[in-house]
Amino acid sequence: MRAMNILKIIPATLRNRLVHATGAGALAIAALLVMHFEGLQHYPYRDTGGVITVCVGHTGADIVWGRYYSTQECDAILKKDLATGERIVARAIHQPIPDYLRGALISFAFNVGEGQFRTSTLVRKINARDLSGGCAELRRWIFDNGKKLNGLVNRREAELWVCEGMPQ
């Protein structure tokens, strides 16, 4: 049943890229997840939660409404945002974890922000060496402003699949 859900949620091309990215490290895995689920938008827009967003899921006070952001600018912003996500995970997780799990957590932290990530039950479980339980917590994070979003359901299932080591 679980494998069938993954086959519906994650396109084969993304699954293959994720599996091959395991040798490239956590940031490569996170970048694939983030790019797939965020997409690229050259002009700022309001996301489902009303937050001003641009490029590949970038939020923040530095966004200029109505401005066009080039692909090169978006690539630089994404690189910086993923490095921030990597630091968030490194500060919160006090146990050694494999790169695939770290990549899934970077994608998740990128999406929910440092405060929610750091105080989550997911982090508490991972730090208690309950990796399976920590990964399973991803399924709880499917709401935006109290509304269940299919996009978040799909993203969390993909992050969970990666978090669990991309089982066949």
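Which residues does R156 touch, not counting residues up to four places away in sequence? I looked that up and got F108, N111, V112, L138, W141 and I142, where contact means heavy atoms within 4.5 Å.

**Before going on**

I'm working with a predicted model, where local features need pLDDT of at least 70 and side-chain atom pairs count only at pLDDT 80 or more, while totals for chains, interfaces and linings use all residues. Residues are numbered from 1 along each chain as its sequence is written, and side-chain values use heavy atoms, with hydrogens and water left out.

**Entry 1: R156 again**

I placed R156 in helix α9. Is R156 buried or exposed? R156 counts as buried, since its relative accessibility is 2%. My cut-offs: buried is under 20% relative accessible area, exposed is over 50%, and partly exposed is in between, with a 1.4 Å probe and protein chains only.

**Entry 2: α5 against α9**

Next I checked how α9 packs with helix α5 (residues 99–112), and found an angle of about 155° with the axes 7 Å apart. Axes here are lines fitted to C-alpha atoms, for helices over the stretch in contact, and angles run from 0 to 180 degrees between N-to-C directions. So α5 and α9 are roughly antiparallel to each other.

The crossing of α5 past α9 is left-handed. I call a crossing left-handed if the near helix is turned anticlockwise from the far one by less than a right angle, and right-handed if clockwise. On the α5 side, I listed Y100, L101, A104, S107, F108, F110, N111 and V112 in the contact. From α9 come L152, R155, R156, E159, V162 and C163. I sorted the contact residues into nine nonpolar, two polar and three charged. For that I took Ala, Val, Leu, Ile, Met, Phe, Trp, Tyr, Cys and Pro as nonpolar, Asp, Glu, Lys and Arg as charged, and the others, Gly among them, as polar.

**Entry 3: the disulfides**

How many disulfides does a search of the whole structure find? I got two, taking a disulfide as a pair of cysteine sulfur atoms within 2.5 Å.

C55 is in strand β2 (residues 52–55) and C74 in helix α4 (residues 71–92), so the parts tied together are 19 residues apart in sequence. A torsion of about -65° makes the C55 and C74 disulfide left-handed. I have C55 as buried at 0% relative accessible area, and C74 as buried at 1%.

**Entry 4: α3 against α4**

Last, I looked at helix α3 (residues 26–38), which packs with α4 at about 120°, their axes 11 Å apart. That makes α3 oblique to α4. The crossing of α3 past α4 is right-handed.

Note on methods. Helix = DSSP H or I, 4+ residues; strand = E, 2+ residues; numbered from the N terminus. Parallel < 35°, antiparallel > 145°, perpendicular 65-115°, else oblique.
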